[in-house]
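Please load the model in your viewer and keep a selection panel at hand.

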Amino acid sequence: MTWTSPSSQQAPYKQLRRPTTDRMVAGVASGLGRYFDVDPTLVRVVFAVSALFTAGVALLAYPVMWFLMPEEPPDAPAWPHPTDTGAYPPSGPPAG
């Protein structure tokens with residue numbers, strides 16, 4: 001039986017966090033946009049429309065998400081995270 005190990009260079013998993021940059025109020029919409037890979041403006045528009053259609057009940061979701069979503073650490077890498085897992089190590093291609 002042959003055992004194969006998983007690739008050692010995996011893309012970092014997604015984390016739902018409020019960024020310290022690219023935020024308007026608390027970073028909830030920006031964090032959701034990054035997590036679902038959509039523009040944060042679209043998340044804000046969807047949130048505003050849902051607040052209108054639910055007679056303001058959706059407005060309760062924002063402070064809940066603000067409280068539950070952890071803030072991104074200051075030393076976190078820039079977004080979007082690099083997903084290029086090329087064959088070469090960070091030092092570059094082999095000489096030759």
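Predicted model: local features only at pLDDT ≥ 70, side-chain atom pairs only at ≥ 80, totals over all residues.

Residues are numbered from 1 along each chain as its sequence is written, and side-chain values use heavy atoms, with hydrogens and water left out.

Colour by secondary structure next, and the protein shows 3 helices and 0 strands, helices being DSSP runs of H or I with at least four residues and strands runs of E with at least two, numbered from the N terminus.

Now select Ala26, Val28, Ala29, Leu32, Val43, Tyr62 and Met69, the 7 residues of the largest nonpolar core, that is, a set of buried Ala, Val, Leu, Ile, Met, Phe, Trp, Tyr and Cys residues joined through side-chain atoms within 4.5 Å. Helix H1 (residues 28–36) supplies the largest share of this core, 3 residues. Centre on Val43, which, leaving aside neighbours within four places in sequence, is in contact (heavy atoms within 4.5 Å) with Ala29, Leu32, Gly33 and Val38.

Move to helix H2, residues 40–53, where Pro40, Val43 and Ala51 are the buried residues. Seen down the axis of H2, these buried residues fall within an arc of 70°, so they line one face of the helix; the arc is that of the directions from the helix axis to the C-beta atoms. H1 is among what covers them, whereas the face turned away from the buried side carries the exposed residues Val46, Leu52 and Phe53.

Finally, select Phe47, Tyr62 and Trp66, which ring pairs link into a cluster; rings of Phe, Tyr and Trp (its six-membered ring) pair if their centres lie within 6.5 Å, and planes under 30 degrees apart count as stacked, over 60 as edge-to-face and the rest as tilted. Phe47 and Tyr62 form a tilted pair, 5.8 Å centre to centre with 50° between the planes. Because Phe47 lies in helix H2 and Tyr62 in helix H3 (residues 61–68), the pair ties together parts that are 15 residues apart in sequence. The rings of Tyr62 and Trp66 have centres 6.1 Å apart and planes at 70°, so this pair is edge-to-face. Tyr62 is buried at 18% relative accessible area, while Trp66 is partly exposed at 39%.

Note on methods. Buried < 20%, exposed > 50% of the residue type's maximum accessible area, 1.4 Å probe, protein only.
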